[in-house]
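Student: Please pick one part of this protein and go through it closely. Start with the whole, so that I know where the part belongs.

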Amino acid sequence: MSVFDHIEFDNHEHVAFYHDKEAGLSAIIAIHNTNLGPALGGCRMWPYVSSAEALTDVLRLSKGMTYKAAMANIALGGGKSVIIGDPRKQKTPAMMEAMGKFVDSLGGKYFTAEDSGISVTDLQTMATQSDYIAGVNAQYHYADEQPDGNPAPSTAYGVFVGLRASVEHGLNRSLEGVSVAIQGMGHVGYRLASHLHAAGAKLYVADIFPEGVEKAVAELGATAVAPEEVLGLDVDVLAPCALGAAINDQTLPMIKAKIIAGAANNQLAREEIGDMLVERGILYAPDYVINAGGVIDIFHQRMDKSSNAALRKHIEDIGTTLKEIYIRADAQKAATNRVANIIAEERFSLKG
């Protein structure tokens, strides 16, 4: 099947496949739209069951990055890259060097950054082969800490800000005593849990890997739950912070939360799920709006003049943007994801 016939193909500008047998690299880069600027999107390494699954993921993720940049008011387009493989078992420096060469081959049309399965150290290795690796030279930190290039702290803070705004709008209360179930305790999920704990929320956490869960239980007083149970917990907020499509036709009936607000990309398996959430009275924070803190961080690191305060303010605007979406959705009796899509498309379709 041609990529043009793929169900997730959305007029993508460029889709490139790369294989380096010696380095063990099989990867795909997808550039969705560059009307607002060069494409930016993280590199994800995951043990996909097939290249078809990897292609589906990279097409969906790159499109989401276009919408994310537009809603975050930054002059960048959307792209993404995926590496097929287990990052805990198969990743090597040679593979990361080969990935750097792959990114470099696109001549600056695409900048990559950190995502699931890829660390700042990996990016630094890629950067030995390309100037188009973001997140390796950082100047600013939203909390006035020493920046190390990892955008996860900014992503987590943005999700926290957005979750808080969602609770204020949907439940008309603060985070004190609010129950939150977090699916995924990786770099972003754990940091989100820390912010919520400091704000007085009651936490339930799950992950297919035990390390983050055990740490959250020990340090944050969280309650551990099985991964297969987390989506159906009777809580105020569900925060998907793992892979995409967690909210689908099979899982939707089990969701009891009043609000869905998390860090994962492409949380809805299909757009119509948003309409179903409205029917069930569940407030949904569009994923590419609430999780934009990382791309905002990378954008500020690339600016000639910015500051810690400017970065923090830009991230905190996520809460304001979400409330504007909620008010417009309420007035139109429309799904929040559809309202966000319309606003984003208006922005990135004005040029080009």
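Tutor: Helices (H or I, at least four residues) and strands (E, at least two) are DSSP runs, numbered from the N terminus. By that count the protein has eleven helices and eleven strands. This is a predicted model, in which local features need pLDDT of at least 70 and side-chain atom pairs count only at pLDDT 80 or more, while totals for chains, interfaces and linings use all residues. Residues are numbered from 1 along each chain as its sequence is written, and side-chain values use heavy atoms, with hydrogens and water left out.

The radius of gyration, taken over C-alpha atoms, is 19 Å, close to the 20 Å that the globule rule (2.2 Å times the number of residues to the power 0.38) gives for 352 residues, so the protein is as compact as a globular protein of that length. Its C-alpha trace spans about 50 × 45 × 45 Å along the principal axes. Of the 352 residues, 56% are buried, where buried means under 20% relative accessible area, exposed over 50%, and partly exposed in between (1.4 Å probe, protein chains only). A contact means heavy atoms within 4.5 Å. Among contacts with a separation of 6 or more, 66% join residues 24 or more positions apart.

The part to look at is helix H5, residues 187-198. H5 has twelve residues and reaches 17 Å from its first C-alpha to its last, close to the expected 16 Å; the expected span is 1.5 Å times one less than the number of residues. Which residues of H5 are buried? They are Val 188, Gly 189, Tyr 190, Leu 192, Ala 193, His 195 and Leu 196. The elements that cover them include helices H4 (152-170) and H6 (210-220), together with strands S6 (179-183), S7 (202-206) and S9 (237-240). Just after H5, Gly 200 takes a positive phi of about 95°.

Not counting residues up to four places away in sequence, Ile 182 touches Gly 189, Leu 192, Ala 193 and Leu 196, and its other partners include Leu 203, Val 230 and Cys 241. Cys 241 counts as buried because its relative accessible area is 14%.

Cys 43, at 0% relative accessibility, is buried. The structure holds zero disulfides, a disulfide being a pair of cysteine sulfur atoms within 2.5 Å.
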